[in-house]
Amino acid sequence: MAADELRQDRPASGVLRLTIDRPRAHNALTIALQRRLDTALTEAATDESIRVVIVTGAGGRAFCAGYDLKELDAMTPQALAESMAEREDMLWRYLHYPKPTVAAVDGLAYGAGTMYAACSDLRVGGPRTSMAVSAARYGGVNLSWLLDSLIGGARTRDLLMTARAVPGDEAFDMGLLTRYTPDVAGEAVRTAEQIAAQPPDGLRHIKQLLLDGAGQGLRERYDRENSVTRATLGQRSITDMFSAFFANGPAAAPGGVS
């Protein structure tokens, strides 16, 4: 059952970890499992004790090998079309998830696995990581709408047109991974802890401004950021705003804080 194939735990304060637990199938996603993941994320979105979500795969060999091909092959054309439309909606919701997300990509990530990793806010990988956007192998297209914002147009063409698997060190060099270490699980938790230590409202605004900024002019993005900052911080005193910063954050630079 899908409920048994998604484990949840709290590895640190404010951090929820969702582990896809189908190691014998390289953590491939059935439609039921993807629905369970979507439901768990929806439930976590309203839980104020959760500030960051880590998504990972069990077994150390795979983050996620994509959609379960055996399941897809057994579907009728109508069922397949309906499931793909549903999956498109679930992935879009994940991209726009209101809380920060971290993908712990320990092992291979192919197809939908790379899509979920790319839609995460941060991606942690290591020497065992291997990532591919494999749609070109069957005449499809994935991530043409997002990948160039992460790794640039030239590298996006390379990965989408060749469908080649990229090892972890190369993925990090090109920006597909944001952190690279042999300790993928531990670094993912440490990264999530760093994020969870920040005020959640500010994180939500950062994420939304970045998502909405694509295609907008620089001045429009600048003005919108300033508008959000004024609306968010305008009613708070300097003492209130920076008390936590001075208590827990890095030392202020000479001349104050901008």
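The structure holds one cavity of 30 Å³ or more. On a 1 Å grid over the protein atoms alone, a cavity is a set of points where a 1.4 Å probe fits but cannot get out. Grid points are joined across faces, edges and corners, and a volume is the space filled by probe spheres set on the points.

This is a predicted model: local features need pLDDT of at least 70, side-chain atom pairs count only at pLDDT 80 or more, and totals for chains, interfaces and linings use all residues. Residues are numbered from 1 along each chain as its sequence is written, and side-chain values use heavy atoms, with hydrogens and water left out.

**The cavity**

The largest cavity has a volume of about 40 Å³. Ile20, Leu29, Leu37, Val55, Phe63, Cys64, Ala112 and Tyr116 line the largest cavity. Lining residues have an atom within 4 Å of a point. The elements that give two or more residues to this lining are β4 (62–64) and α4 (112–118). Helices (H or I, at least four residues) and strands (E, at least two) are DSSP runs, numbered from the N terminus. The lining divides into eight nonpolar residues, no polar and no charged. Here Ala, Val, Leu, Ile, Met, Phe, Trp, Tyr, Cys and Pro count as nonpolar, Asp, Glu, Lys and Arg as charged, and the others, Gly among them, as polar.

**The six-stranded sheet**

Six strands form an open sheet in the order β1-β2-β3-β5-β7-β10, with mixed pairing. Its edge strands are β1 (6–12) and β10 (179–180), and each pairs on one side only. Two strands pair if DSSP finds at least two bridges between them.

β1 and β2 form a hairpin with two residues between them. In the turn, Gly14 has a positive phi of about 80 degrees. Val55, from the cavity lining, faces Leu18 across the β2 and β3 pairing. Leu18 is also the bridge partner of Gln8.

Helix α1 (residues 31–45) packs on the sheet and touches β1, β2 and β3. Contact means heavy atoms within 4.5 Å. The direction of α1 makes about 35 degrees with that of β1. Axes are lines fitted to C-alpha atoms, for helices over the stretch in contact, and angles run from 0 to 180 degrees between N-to-C directions.

**The four-stranded sheet**

Four strands form an open sheet in the order β4-β6-β8-β9, again with mixed pairing. The edge strands are β4 and β9 (166–167). Cys64 stands opposite Ala109 in β6, and Cys64 also lines the cavity.

| Strand pair | Sense | Bridges |
|---|---|---|
| β1 and β2 | antiparallel | five bridges |
| β2 and β3 | parallel | six bridges |
| β4 and β6 | parallel | two bridges |

**Side chains around β2**

Arg17 sits in strand β2. Arg17 and Ile50 are 33 residues apart in sequence and 10.0 Å apart in space, C-alpha to C-alpha.

The count comes to 18 salt bridges. A salt bridge is a side-chain nitrogen of Lys or Arg within 4 Å of a carboxyl oxygen of Asp or Glu. One joins Asp21 and Arg7, with the closest N and O atoms 3.1 Å apart. Asp21 lies in the loop between β2 and α1, Arg7 in strand β1, 14 residues apart.

Key. On a 1 Å grid over the protein atoms alone, a cavity is a set of points where a 1.4 Å probe fits but cannot get out, and a pocket is an open set with protein on both sides within 12 Å along at least five of seven lines; lining residues have an atom within 4 Å of a point.
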